[in-house]
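Here is a friendly walk through the packing inside one predicted model. Have the sequence and the 3D view at hand as you read.

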Amino acid sequence: MTPLPDQIADSLGRAAAAGVEPRAAAGLAICGMGGSAVGGLLAAATVGPRAQRQILVVRDYALPPWIGPDWTVLLSSYSGDTEETLACWDAAAHARRVAVTTGGALAERARAAGVPVVGLPSGMQPRDAVGYATVTALEVAALAGAAPDLRSELEAAVELLRIEDCEAEAGALAETLRDRVPVFCGAGLTAPVAYRWKCQFNENANRAAFSSELPELDHNEIEGWGDRSLLEPVFLEDTHAPARIARRFELTAEIIGGARRVLPRGASRSERLFWLVRLGDLLSLHVARLDGTDPAEIPNLLRLKAEL
Ligand code: PA5
């Protein structure tokens with residue numbers, strides 16, 4: 001597997017090299033599923049308050065009806081053969097389309113239609129290509145005028161990830177989650193990271209896990225934490241969180257009887273997000289190792305795709 005910092009570095013400039021031209025769009029829709037969709041969610045969070053247009057992630061067979069010809073639509077599928085994403089390919093014919101994939105039907109259709117294809121290296125699990133998916137979405141967002149160009153911020157994130165190691169932290173956290181069902185909670189920048197951690201736990205460790213986010217969880221879920229016999233809350237906090245959100249993490253942890261609390265390293269949004277993404281990825285691999293599970297095995301997912 002290509003290490004995350006190498007994926008980020010290798011992704012920079014790929015969209016422009018594939019022929020995606022700068023053209024202001026009304027918004028950017030990123031269509032994909034599972035490991036290919038999460039890059040869109042992480043990209044939107046990385047941009048955060050710097051967004052200049054809407055950045056929307058579609059995990060379904062169809063686009064919202066209000067997406068018009070002035071939108072850019074990024075079709076993201078590692079295999080290129082995911083049926084929901086291919087349905088969105090058809091549904092987006094009226095908009096400017098860009099594909100990001102290793103091949104499959106998506107690459108074939110895009111090439112036949114003269115649509116730019118951002119090619120990805122093959123041989124990985126789709127979810128392992130998260131650096132490629134996220135940075136490609138960020139680059140297309142910048143080329144569509146939906147976000148500023150974050151190249152220098154991403155280059156700094158590459159340096160941080162190459163220097164700082166979080167293997168020991170991931171291993172220690174994995175030990176605390178043995179025989180537990182984690183509920184990963186985030187807010188703002190860390191909300192899609194919490195979702196990423198849940199998905200990696202599900203797919204790499206083949207274990208149940210859930211995710212939720214503040215402030216919403218304070219309005220419902222906080223009442224459901226009475227029985228802690230199985231569930232383990234893990235709070236993904238942010239060193240730059242607004243004061244009210246930081247206070248909510250504090251108080252929520254106190255009220256539900258404690259939570260494991262994780263903070264990112266780094267200064268910029270890109271550094272903090274990717275640092276946490278890597279920590280969660282390593283965590284899921286440590287848990288898989290402790291359980292004797294092969295992280296590449298996703299039998300239920302494959303069976304469902306085959307039987308559909
Ligand atoms: O990680 C995985 O294998 C899945 O979540 C896939 O990403 C998902 O099923 C979609 O497939 P693809 O990424 O090939 O479009």
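In the largest nonpolar core, which holds 62 residues, Phe184, Trp197 and Leu283 touch the most other members. Helix 11 supplies the largest share of this core, 10 residues. A nonpolar core here is a set of buried Ala, Val, Leu, Ile, Met, Phe, Trp, Tyr and Cys residues joined through side-chain atoms within 4.5 Å. Buried means under 20% relative accessible area, exposed over 50%, and partly exposed in between (1.4 Å probe, protein chains only).

Leaving out residues up to four places away in sequence, Phe184 touches residues including Leu177, Trp197, Phe201, Phe210, Val234 and Leu283, where contact means heavy atoms within 4.5 Å. Apart from this core lies another, of 20 residues, with Leu75, Leu86, Cys88 and Val115 among them.

A word on the ground rules: this is a predicted model, with local features needing pLDDT of at least 70 and side-chain atom pairs counting only at pLDDT 80 or more, while totals for chains, interfaces and linings use all residues. Residues are numbered from 1 along each chain as its sequence is written, and side-chain values use heavy atoms, with hydrogens and water left out.

Now to two helix pairs. Helices (H or I, at least four residues) and strands (E, at least two) are DSSP runs, numbered from the N terminus. Axes are lines fitted to C-alpha atoms, for helices over the stretch in contact, and angles run from 0 to 180 degrees between N-to-C directions.

| Helix pair | Axes come within | Crossing angle |
|---|---|---|
| Helix 8 (residues 167–176) and helix 11 (residues 269–291) | 8 Å | roughly 50 degrees |
| Helix 3 (residues 38–47) and helix 9 (residues 191–205) | 9 Å | roughly 155 degrees |

The angle of roughly 155 degrees makes helix 3 roughly antiparallel to helix 9 (angles under 35 degrees count as roughly parallel, over 145 as roughly antiparallel, 65 to 115 as roughly perpendicular and the rest as oblique). Val38, Leu41, Leu42 and Ala45 of helix 3 meet Pro192, Val193, Tyr195 and Arg196 of helix 9.

For the other pair, the contact residues include Leu173 and Ala174 of helix 8 and Leu279 and Leu283 of helix 11.

Finally, which residues of helix 4 (residues 83–91) are buried? They are Glu84, Thr85, Leu86, Cys88 and Trp89. Their cover includes strand 1 (27–31), strand 2 (54–58), strand 3 (72–77), strand 4 (96–101) and helix 5 (104–112).
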